[in-house]
Amino acid sequence: MGEVDFWTMDNEQWTISKIKRAFLDALFPIFCLGCKREGVWLCSDCQSAIRPLPLFLCPGCGRMSPGGTTHLRCANATPLSALISPYHYASPVIRGLIKDYKYHGAHDIEKIITGLTISGVDKLRTLFPPGARVAAMPLHPSRERARGFNQAATIAAAVSRALQIEIVAPLKRKKRTEEQARLTPAERRENCRRAFTSAPVTGDIILVDDVVTSGETMAAAASALKAAGARRVFAFALAHGRGDRLKI
Ligand SMILES: [Zn+2]
Ligand SMILES: [Zn+2]
């Protein structure tokens with residue numbers, strides 16, 4: 001009998017990436033993203049100054065709509081029933097937090113992101129369908145191994161906490177998005193559409209990501225969820241990236 005190998009390769013890579021980040025964090029001092037005060041990612045003053053700035057756009061046509069719901073006339077243009085997003089990605093503090101969290105994965109930033117998600121969801125509480133469940137946008141498995149975590153899963157956990165609803169994980173991602181850079185727009189859409197598979201699901205799903213820009217990726221994941229049995233899919237992104245130019 002050989003030795004028991006407690007660490008699979010995946011866990012090893014995960015641990016190394018965590019250690020590397022901790023090492024880099026120790027070398028470089030951190031500054032508040034809002035006021036540049038040293039020693040914190042975001043000081044409590046700057047944290048309490050953040051206000052939600054939701055943008056209510058139909059995920060079908062990208063034009064204004066009440067509560068971000070899909071216009072009746074746009075129902076065939078998107079698998080999403082609504083797009084709900086409390087913060088503007090153009091805000092330097094919001095952008096900085098999301099980027100720093102992706103790169104460092106620091107527990108302190110995670111707490112801030114969780115708090116922001118909960119207060120954002122709370123302000124928009126009436127827009128979420130009752131009885132829905134939450135699912136995070138998955139990362140490609142190799143990217144999640146390299147990063148050690150999925151930021152969308154952190155936000156989904158906060159949504160589940162804020163709305164007191166169950167979290168599910170039916171989605172899998174098949175293809176790496178980097179491949180898409182070389183493709184034509186039509187090929188990209190097709191590639192994107194095939195990037196997700198879903199285990200069987202029922203009822204309404206709130207699909208969660210950190211940032212929504214074109215909405216194309218969330219729409220592709222929503223198609224997979226609906227093909228697997230979901231009744232309606234509501235997209236929730238912590239921040240919206242392209243303001244009134246959002247076009248899906
Ligand atoms: Zn500050
Ligand atoms: Zn529309």
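What percentage of the 248 residues in the chain do buried residues make up? Buried residues make up 47% of them, where buried means under 20% relative accessible area, exposed over 50% and partly exposed in between (1.4 Å probe, protein chains only).

## The model and its chain

This is a predicted model, in which local features need pLDDT of at least 70, side-chain atom pairs count only at pLDDT 80 or more, and totals for chains, interfaces and linings use all residues. Residues are numbered from 1 along each chain as its sequence is written, and side-chain values use heavy atoms, with hydrogens and water left out.

The chain has eight helices and eight strands. These are DSSP runs numbered from the N terminus: helices are H or I with at least four residues, strands are E with at least two. Of the contacts between residues at least 6 apart in sequence, 71% join residues at least 24 apart; contact means heavy atoms within 4.5 Å.

## The nonpolar core

The largest nonpolar core has 66 residues. Such a core is a set of buried Ala, Val, Leu, Ile, Met, Phe, Trp, Tyr and Cys residues joined through side-chain atoms within 4.5 Å. Strand S8 (233-240) is one of the elements that each supply at least two residues of this core, and the largest share, seven residues, comes from S8.

Leu-42, Leu-97, Ile-206, Leu-207 and Phe-236 have the most contacts inside the core. Leaving out residues up to four places away in sequence, Phe-236 touches residues including Ile-84, Val-121, Ile-206, Leu-207 and Met-218.

## A buried serine

Ser-85 lies in the loop between strand S1 (80-84) and strand S2 (87-88). Ser-85 is buried, with a relative accessible area of 3%.

The side chain of Ser-85 reaches two backbone atoms: the oxygen of Ala-237 at 2.8 Å and the nitrogen of His-240 at 3.2 Å. Not counting residues up to four places away in sequence, Ser-85 also touches others, among them Leu-53, Pro-54 and Leu-124.

## Two packed helices

Two packed helices are described by the angle between their axes and the distance between the axes. Helix H7 (residues 185-193) and helix H8 (residues 216-227) pack at about 45°, with axes 8 Å apart. Axes are lines fitted to C-alpha atoms, for helices over the stretch in contact, and angles run from 0 to 180 degrees between N-to-C directions. H7 and H8 are therefore oblique to each other: angles under 35 degrees count as roughly parallel, over 145 as roughly antiparallel, 65 to 115 as roughly perpendicular and the rest as oblique.

Arg-188, Arg-189, Cys-192 and Arg-193 in H7 meet Glu-216, Thr-217 and Ala-220 in H8.

Notes:
Chains lettered and ligands numbered in written order. Polar contact = N/O pair within 3.5 Å; in protein donor to acceptor, adjacent residues only side chain to side chain.
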